[in-house]
Amino acid sequence: MDSAVIEIEKTAAYIASYENKAEVDFEHCVTDHLRVSGIYWGLNALCLMGMPDRLNRAATVAYIRDCQQPNGGFAGALGHDATMLHTYSAIQVLLLEKSLRSTDGTMADTIDIAGVIRYVAGLQQPDGSFACDEWGERDTRATYCAIATLYLLNGLDSIKVDAAVAHLMRCQNWDFGFGSVPDTESHAGQIFCCLATLAILNRLSQLDQRAQQQLSDWLVERQRDSGGLNGRPGKIHDACYAWWTLASLAILDPSGWKSRINLEGACQYLISTQNRSTGGLAPRPNERADVFHTHFAIAGLALLGHASIQAVDARFCLPTLALQQYLSQTP
Ligand code: GRG
């Protein structure tokens, strides 16, 4: 076996195996609250690998539809409360499905779009931030999910965009990175959320040239000798940061970032995290695979331009073609 090859078929089989996990399965039970995001991770990775039909897409869409709550948001699983994260995941899945079946129907045939917009807008706080759910925890992940969802549904006019941007900028630190709320440590995951939000809103100019340069340098320094990336100084590399860190760089410097990273090393690191017995990719070599890391590693390979994986949009973490197709059909 060639250790330098991404095993597409085995990775797809690993993702598809989740569809048939019984409800008595321990892993299935303890990840119940993540089901809708899990469907996004699985379907998006399959789409990026050109194998969307490995999931029963009709059943998937029906499940997502049934997760919409009376308040308009989507729960992570049947019987749970709605959250901002699962609402964005649900819209991402429906967008992928819509782009795969471009001829028939709109998203509004499946779900209550006005309800989604109402739910998301209702979670904006007086300081411009967004809550993760109706119980109130706020962070920049919620702002990203809110803005991405509203952009895709043409609902940005239902919120105070300037206040949302001002809040994000209050989350920026002395090192030009961003934390989850003001005065918290810079972390590549939160940096992604803030930069992707600013990019979607066409507001990257909030960061002057010096800030963009210093933040790019900070992100480039996340690559380790292993080729893998970490999410903040002093931490260990992890496959998912090939997404959070490199997507942030790609947003900041779309034409120059590839010359600042050891692309081959990053690809080889991701490939080395494949679990060759179970299939799927793990945070680090010889560790247990999971769907989250499988997805973000595949998305990382897409950013890096791996020949077997389709191009990905760094702002939305969706295949570029599917996103373009959806946006061109949406009034
Ligand atoms: C669909 C792209 C997309 C995003 C949805 C959920 C979300 C919005 C964004 C999450 C951003 C984030 C915070 C990512 C980091 C996830 C992660 C691996 C956290 C681990 O944090 P620590 O502190 O790990 O346990 P480190 O690596 O810092 O030691």
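This report walks through a helix pair, a ligand site and one arginine in a predicted model.

## About the model

Residues are numbered from 1 along each chain as its sequence is written, and side-chain values use heavy atoms, without hydrogens or water. In this predicted model, local features need pLDDT of at least 70 and side-chain atom pairs pLDDT 80 or more, while totals for chains, interfaces and linings use all residues.

## Two packed helices

Let's start with helix α7 (residues 140–152) and helix α9 (residues 188–200), whose axes are 9 Å apart and meet at an angle of about 30°. That makes α7 roughly parallel to α9 (angles under 35 degrees count as such). Helices here are DSSP runs of H or I with at least four residues.

Which residues of α7 make the contact? They are Thr 140, Arg 141, Thr 143, Tyr 144, Ile 147, Ala 148 and Tyr 151; contact means heavy atoms within 4.5 Å. Among their partners on α9 are Phe 192, Cys 193 and Ile 200. The residues of this contact divide into nine nonpolar, four polar and one charged.

## Around the ligand

The ligand is surrounded by 19 residues, each with a heavy atom within 4 Å of it. His 187, Gln 190, Arg 232, Lys 235 and Tyr 241 are the closest.

Look at the ligand's oxygen atoms next: a side-chain N or O atom of Arg 232 is 2.6 Å from one. For Lys 235, a polar side-chain atom lies 3.2 Å from a ligand oxygen, and for His 187 the distance is 3.3 Å.

## Arg 284 in its loop

Arg 284 sits in the loop between α12 (263–272) and α13 (291–303). A polar atom of its side chain lies 2.8 Å from the backbone oxygen of His 237.

Terms used:
Axes fitted to C-alpha atoms, helices over the stretch in contact; angles between N-to-C directions. Parallel < 35°, antiparallel > 145°, perpendicular 65-115°, else oblique. Nonpolar A, V, L, I, M, F, W, Y, C, P; charged D, E, K, R; others polar. Polar contact = N/O pair within 3.5 Å; in protein donor to acceptor, adjacent residues only side chain to side chain.
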